[in-house]
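Keep the sequence and the 3D view open while reading.

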Amino acid sequence: MPRADGSYKKVQAKYANTVLLIIDEWLLLRPMEAEQHDILELLHRRRKNSSTISCSQYDPSGWYDQLGGDDSPLAEAILDRIKHDAYKITSFRLILLTTAP
């Protein structure tokens, strides 16, 4: 997320306050540590307040490794924000994980 021009908080607020956020291609690429911090902050701000749909080519059991696994101290924290109060929908090899307030 942009930081150099000072718009980081504005972008975070925009996505944190959206009623429904759909994340397509979730974890298609492994996020860098700074991106993991952004993801954690965003998911934490959205938790219990709004709904998020994550669409991924990966089964949720592989998300930990895609987030860096044991090498990333944030991987488990990110997944904790997602898996609690979540519904898993698997359809035609498409996996959706939704969270509702």
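A residue is called buried at under 20% relative accessible area, exposed at over 50%, and partly exposed in between (1.4 Å probe, protein chains only). By that rule Lys83 is exposed, with a relative accessible area of 52%.

The model is predicted: local features need pLDDT of at least 70, side-chain atom pairs count only at pLDDT 80 or more, and totals for chains, interfaces and linings use all residues. Residues are numbered from 1 along each chain as its sequence is written, and side-chain values use heavy atoms, with hydrogens and water left out.

**Confidence and layout**

pLDDT is the predictor's confidence in each residue, from 0 to 100. Its mean over the protein chain is 87. In this chain, 86% of residues reach 70 or more. Among the elements, helix 3 (residues 63–66) has the highest mean pLDDT, 96. Strand 4 (residues 94–99) has the lowest, 61.

Helices (H or I, at least four residues) and strands (E, at least two) are DSSP runs, numbered from the N terminus. The protein chain has 4 helices and 4 strands. Along the sequence they follow the pattern α-β-α-β-α-α-β-β. Of the 101 residues in the chain, 38% are buried. Contact means heavy atoms within 4.5 Å. Among contacts between residues at least 6 apart in sequence, 72% join residues at least 24 apart.

**Helix 1**

Which residues of helix 1 (residues 8–16) are buried? They are Tyr8, Val11, Gln12 and Ala16. Seen down the helix axis, these buried residues fall within an arc of 130 degrees, so they line one face of helix 1. The arc is taken from the directions from the helix axis to the C-beta atoms. Helix 2 is part of what covers them. The face turned away from the buried side carries the exposed residues Lys10 and Lys14.

**Strands 1 and 2**

Two strands pair if DSSP finds at least two bridges between them. Strand 1 (residues 20–23) and strand 2 run parallel and are joined by 4 bridges. Leu20 has Ser51 as its bridge partner in strand 2. The chain crosses from strand 1 through helix 2 to strand 2, and this β-α-β crossover is right-handed. That label applies if, with the strands pointing away from the viewer, the path from the first strand over the helix to the second runs clockwise.

**Salt bridges**

A salt bridge is a side-chain nitrogen of Lys or Arg within 4 Å of a carboxyl oxygen of Asp or Glu. The structure holds 4 of them. The table includes some.

| Pair | N to O distance |
|---|---|
| Glu41 and Arg45 | 4.0 Å |
| Lys48 and Asp85 | 2.7 Å |
| Lys83 and Asp80 | 3.6 Å |

Glu41 and Arg45 are 4 residues apart in helix 2 (residues 33–46), separated by about one helical turn. Glu41 is partly exposed at 30% relative accessible area, and Arg45 is partly exposed at 32%.

Lys83 and Asp80 are 3 residues apart in helix 4, again about one helical turn. Asp80 is partly exposed at 24%.
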